Amino acid sequence: MSSSLNSMKQETSSSPVPAPLRICIAGAGAIGGTLAVRLSAAGHQISVLARGQTLQAIRERGLTLHDLHGTTHARPAASQLPEFGVQDVIFLCAKSQDMSALLPQIAPMVGEETVVIPTNNGVPWWYFHREGGRFDGQAVKAVDPDGALSNAVALDRLIGSVLFITAEVESPGVIRSVNPHLMVLGEPSGEMSERLMRVRAAVEAAGIEARATDRIRDKLWTKIIANISTNPLSVITQGTLQQLYGLPELREVVSQIMRETLLVASSHGARVDIDPLTFLQLGEAMGAFRTSMLQDLERGRPLELAAIGDAVLEMAERYAIPMPITRVIVSLARFRGEAAQQQTEQTGQQRAQQTQQPQPTARAA
């Protein structure tokens with residue numbers, strides 16, 4: 001990588017603290033903000049690509065994270081432009097539907113040895129890159145229909161990641177997380193590379209449990225199963241994780257979606273070590289947490305259904321596997337999401353019209 005990572009090559013394997021890295025967090029929502037604060041507290045040179053109220057908040061007050069470590073503040077460099085120079089590591093913390101706009105923006109920060117780590121939910125566009133199976137090298141059409149993502153950043157720059165971090169933005173620049181942080185990292189090829197181990201060590205030193213694996217797709221499917229069995233259903237029911245996993249009438253739907261998705265995962269060669277009963281109990285124990293998709297619905301934002309729902313259905317179709325319950329729930333969630341977006345747009349137009357109307361002038365007595 002660039003100078004920071006090169007300096008790490010000279011360290012012995014027994015060095016307890018990794019050398020500081022130049023790390024850009026592209027997208028400062030709940031996950032991006034959590035990573036920015038934790039990595040900044042560990043001494044890395046952090047920059048944040050942000051916009052709008054979040055960018056203004058970071059510039060004025062920095063970032064604040066309330067998690068199991070306590071309350072931590074950070075003042076990273078922030079801009080809506082990629083003006084931070086070449087980075088050692090870039091974490092892509094945007095929703096899947098926003099990746100096509102984000103990836104071209106990071107180009108000025110990508111050097112010859114920069115590592116790019118997408119953190120988004122669902123099936124990633126790079127899934128079949130160096131996968132080694134019958135679909136090796138093919139695209140996931142649901143998330144990269146025209147190949148724009150694959151062409152924007154060289155696939156060999158990528159390291160896969162699976163994040164088990166539950167966090168919510170309380171206000172611009174303020175994030176709260178009430179559960180332990182876990183990040184699993186892996187090369188698409190399965191190689192336990194030197195760069196993989198360096199990034200893992202940096203994340204671990206930041207107070208985030210970090211694991212390196214030679215089978216990143218196994219962990220991807222674990223997260224995919226968690227996402228597809230709860231996110232779309234939460235949009236329909238507005239239920240929290242505690243309700244989705246705990247209430248008998250919702251738990252049954254979650255269980256059926258899990259079973260359908262497990263079959264797809266195994267057909268693609270994934271070894272998913274999930275005990276459904278334990279999975280449900282752990283999910284319920286996460287408490288009254290709202291899924292990221294439910295949070296987007298409440299804010300009138302687009303839902304991440306392409307990666308979390310449509311891509312899984314596409315993966316099922318490759319092996320002619322029916323997913324009747326999953327398909328219905330994804331369709332209902334899409335209808336609910338589009339209706340919420342339309343309502344948000346109509347409300348915005350009405351407010352704009354009201355502000356443009358001339359105010360009556362007071363008549364002289």
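This is a predicted model: local features need pLDDT of at least 70, side-chain atom pairs count only at pLDDT 80 or more; totals for chains, interfaces and linings use all residues.

Student: Which residues of α13 are buried?

Tutor: Thr326, Ile329, Val330, Ala333, Gly337 and Ala340.

Student: And what do the buried residues of α13 pack against?

Tutor: Four helices: α7, α9 (248–267), α11 (292–298) and α12 (305–317).

Student: OK, switching to strands. What's the order in the open sheet of three strands?

Tutor: It goes β8-β11-β12, and the pairing is mixed. β8 (160–164) and β12 (209–212) are the edge strands; each has a single partner, so one side of each is left without a neighbour in the sheet. From one strand to the next, the twist averages 15°.

Student: How many bridges join β11 to β12?

Tutor: Four, with β11 (residues 182–186) and β12 running parallel. Met183 stands opposite Ala210 in β12.

Student: Which helix lies across β8 and β11?

Tutor: α7, residues 216–237, running at about 35° to β8.

Student: What about the largest nonpolar core, which residues have the most contacts inside it?

Tutor: Leu92, Ile106, Trp125 and Trp221, in a core of 69 residues. Helix α7 gives the most to this core, with nine residues. Apart from it lies another core, of 37 residues, including Ala28, Ile46, Ala74 and Leu163.

Student: What is Trp125 in contact with, leaving aside neighbours within four places in sequence?

Tutor: Its contacts include Leu92, Met99, Leu103, Pro118 and Val140, and also Asn120, Asp144 and Ser150.

Student: New topic: how many aromatic pairs does the structure hold?

Tutor: Five. One of them is Tyr127 with Phe128, edge-to-face at 5.0 Å centre to centre with 80° between the planes. Both of those residues are buried. Another is Tyr245 with Phe279, also edge-to-face, at 6.3 Å and 70°. That pair links distant parts of the chain, 34 residues apart: Tyr245 is in helix α8 (residues 241–246) and Phe279 in helix α10 (residues 276–285).

Student: Are Tyr245 and Phe279 buried or exposed?

Tutor: Tyr245 counts as buried because its relative accessibility is 4%. Phe279 is buried too, with a relative accessible area of 15%.

Student: And which residues form the aromatic cluster?

Tutor: Tyr127, Phe128, Phe135, Trp221 and Tyr319 form one cluster.

Definitions and conventions
Residues are numbered from 1 along each chain as its sequence is written. Side-chain values use heavy atoms; hydrogens and water are left out. Two strands pair if DSSP finds at least two bridges between them. Helices (H or I, at least four residues) and strands (E, at least two) are DSSP runs, numbered from the N terminus. Axes are lines fitted to C-alpha atoms, for helices over the stretch in contact, and angles run from 0 to 180 degrees between N-to-C directions. Contact means heavy atoms within 4.5 Å. A nonpolar core is a set of buried Ala, Val, Leu, Ile, Met, Phe, Trp, Tyr and Cys residues joined through side-chain atoms within 4.5 Å. Buried means under 20% relative accessible area, exposed over 50%, partly exposed in between (1.4 Å probe, protein chains only). Rings of Phe, Tyr and Trp (its six-membered ring) pair if their centres lie within 6.5 Å; planes under 30 degrees apart count as stacked, over 60 as edge-to-face and the rest as tilted.
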